[in-house]
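I opened this entry to look up a strand and its partners, then a loop residue. Notes follow in the order I checked them.

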Amino acid sequence: MNNYTLYDTLFNAVTVLDTKGKILYSNHYFSILFKMSPRVIKKINTIFELFNGKGEFPNAIFERVINEPGSYVSEEIELQINELDTQCTVVIKFTSLEDKNILVCFNDISIETKLHSKYRTQLSELKNSHLQILQADKLATIGELSAGISHEISNPLTIAAGNIEIIEVLILEEKLKNEDLIKDSIRDVVESHNRITSIILNMKSFLRQQTEEEEEEREYCNLEEVILDSIKFTNPSFKKHNIKIVQNFSKKDIVALINRTKILQVLVNLLSNALDILVEYKIKDPKLEIEIVRNRDDNLLEIRVADNGPGIPTQDKSEIFKSFFTTKAIGEGTGLGLSIATQIIEAHQGVLLLEKTNIGASFLIQLPSIEIQSYTQSEIMQRARTVSKNDTIKIMVLDNEVKILNIFNKIFENEGIIFLGSANGYDALEVLENINVDLIITDYIMPHLSGLEFSKKVRELDINCPILYLSTESNKGILNRDRDELGIEGIILKPFSKEGVLKAIYQALKNKKEL
Amino acid sequence: MVVKLSSKSSANEKPSVLILDDEKKICSVMKTFLILSELFKNVVVAHSVSMALMKIGNEKIDLVIVDYNLPDKKGTDFIDTIKKTHSKNKIHFLLISGYLNNKALSEIINLGVSQVLVKPFTRAMLIKKVCEILKCPVP
């Protein structure tokens with residue numbers, strides 16, 4: 001036993017066991033850890049007996065170190081030394097010795113675990129307050145816009161109530177023969193009701209607090225629609241102050257992969273900032289311009305919100321994106337708007353900038369194009385889900401309808417498929433020049449570039465992956481026409497099911513392999 | 001019904017009213033209510049300030065019902081203009097609005113408009129306000 005006296009000098013609890021688990025030796029710190037005198041320990045036969053009632057001994061690792069000599073570390077083990085003590089956490093290292101006995105070292109990591117769990121609670125508290133701040137900012141924005149919104153609601157309410165009274169009068173005076181009047185009134189009531197409902201729904205969806213998971217969610221949206229929604233919110237206030245909103249976009253063909261509610265929050269914030277400043281400075285012919293640009297050189301989507309107000313003073317330029325910076329009077333602004341907006345845009349891998357302009361303030365939101373955004377997004381998702389799968393498939397789907405892109409996004413999510421979505425053939429081609437994909441699914445009828453023209457251009461780029469068309473029953477014939485010339489592998493007919501799509505994809509990939 | 005309104009109107013002549021609101025359907029609801037009340041000789045409707053100014057120039061108007069939120073001007077600005085340009089005729093005003101804050105309210109009081117109707121309102125509320133202004137019994 002004297003062979004082990006060297007371990008006496010160690011600061012860790014150490015014991016030596018034979019292959020049956022009998023305690024051959026234990027050092028000073030071992031008795032401290034287990035709060036037992038060496039005399040008591042000597043009376044205990046095996047380590048299993050010692051652990052009995054105190055914690056779970058890692059039997060599997062113990063057996064392993066006997067069968068396959070080496071060094072192994074256990075997971076964290078909770079120990080309850082005696083009823084009076086608090087729990088402690090240890091990791092145990094088993095090492096086989098030359099004399100076939102097993103050296104067992106205990107590392108007490110209670111302090112680290114406690115710190116770790118404390119840090120985790122604090123982190124989750126921080127996350128919670130972050131969510132609350134986001135919510136507070138939205139509430140503050142709505143508060144500022146409430147005058148406009150209440151005007152917007154009371155108008156249809158007056159119309160509805162008025163028309164109901166008119167119907168009542170018509171009934172009382174038995175003028176029921178006047179059917180057209182009644183029909184008109186009823187139509188007005190219904191219309192007013194719809195107007196109010198849409199305002200309330202819009203407000204609800206804006207104010208609803210997102211959970212942590214929902215914060216991470218991204219969906220394909222028409223950027224124009226999101227911007228129009230943000231205008232809908234602020235428009236009553238803009239109208240009230242005769243501020244012109246110039247919309248420099250028309251076609252609904254710029255698609256982004258975003259968290260809709262959050263981007264809406266950023267836009268409403270920028271719009272209401274501009275509103276406040278234009279009103280405060282009583283600008284003549286006040287106006288606000290919103291522009292969407294697809295920046296093909298850098299694969300970016302840009303939204304520009306510019307006003308013709310006094311602009312931002314030079315000394316404030318570096319301050320405005322910081323928390324709690326506000327030019328408004330106490331109680332009027334939270335000073336959080338732009339800093340939250342920055343956080344939201346950065347969570348989208350984008351940038352929020354203040355541009356250099358001669359007049360007014362011009363904010364620029366830069367978001368990555370959907371092709372890039374969808375690629376990184378699904379790459380991250382797949383990494384998190386499947387560590388071992390190294391044969392992930394990369395598929396590009398080209399469709400100008402966001403609904404279809406969102407369906408594919410859902411289908412591929414659990415399939416280990418990396419998904420590149422695109423809404424525009426030209427953008428898709430640009431991406432295909434740089435990124436290899438295993439398969440392309442393209443809608444057949446699209447504005448700008450049809451499925452046929454797109455496929456031709458893909459082949460011109462010397463890309464040989466299988467292509468599947470996406471179309472309706474009536475276009476079934478196109479497959480026979482393009483099958484040989486363009487190497488179109490098949491056609492997915494709308495409406496499609498998850499199973500149908502996956503079958504078509506795997507079939508096409510199998511055919512390709514056999515060639 | 002006999003209502004005395006201004007020095008020019010004869011004793012048994014009913015007053016005329018102008019409704020100014022950009023929301024056409026609100027105008028038509030109010031117009032229906034006012035016609036049904038049989039208080040007025042004429043119920044005129046305008047959807048914009050310029051249209052209203054023209055109509056006031058063309059015919060004798062005794063009461064103007066005006067919305068506070070107008071697309072090209074505030075209702076109070078309109079009242080101010082009318083008070084300056086038509087100071088000879090005594091025109092009464094009723095301001096309606098969906099939302100009033102303290103600032104707007106003090107502006108209205110300063111203009112000498114004592115009657116305000118908040119949207120949404122009912123037929124009875126409208127007629128009651130109108131009668132208070134015209135100092136006539138509620139029919």
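**Strand pairing in chain B**

I looked up Val17(B) and found its bridge partner in strand 2 of chain B, Val43(B). I kept in mind that this is a predicted model, where local features need pLDDT of at least 70, side-chain atom pairs count only at pLDDT 80 or more, and totals for chains, interfaces and linings use all residues. Residues are numbered from 1 along each chain as its sequence is written, chains are lettered from A and ligands numbered from 1 in the order written, and side-chain values use heavy atoms, without hydrogens and water.

Strand 1 of chain B runs parallel to strand 2 (residues 42–46), joined by five bridges. Strands are DSSP runs of E, at least two residues; helices are runs of H or I, at least four; both are numbered from the N terminus. Two strands pair if DSSP finds at least two bridges between them.

I checked the other partner. Strand 3 (residues 63–67) of chain B pairs with strand 1 in the parallel sense over four bridges. Ile65(B) there stands opposite Ile19(B).

**Burial of strand 1**

Is the strand enclosed or open? Five of the five residues of strand 1 (residues 16–20) of chain B are buried, so the strand is largely enclosed by the rest of the structure. Buried means under 20% relative accessible area (1.4 Å probe, protein chains only).

**Asp316(A)**

I moved to chain A. Asp316(A) sits in the loop between strand 11 (300–307) and helix 10 (337–347). Asp316(A) counts as buried because its relative accessibility is 15%. Beyond neighbours within four places in sequence, Asp316(A) contacts Phe325(A) and Thr327(A) (contact: heavy atoms within 4.5 Å).

Methods:
Buried means under 20% relative accessible area, exposed over 50%, partly exposed in between (1.4 Å probe, protein chains only).
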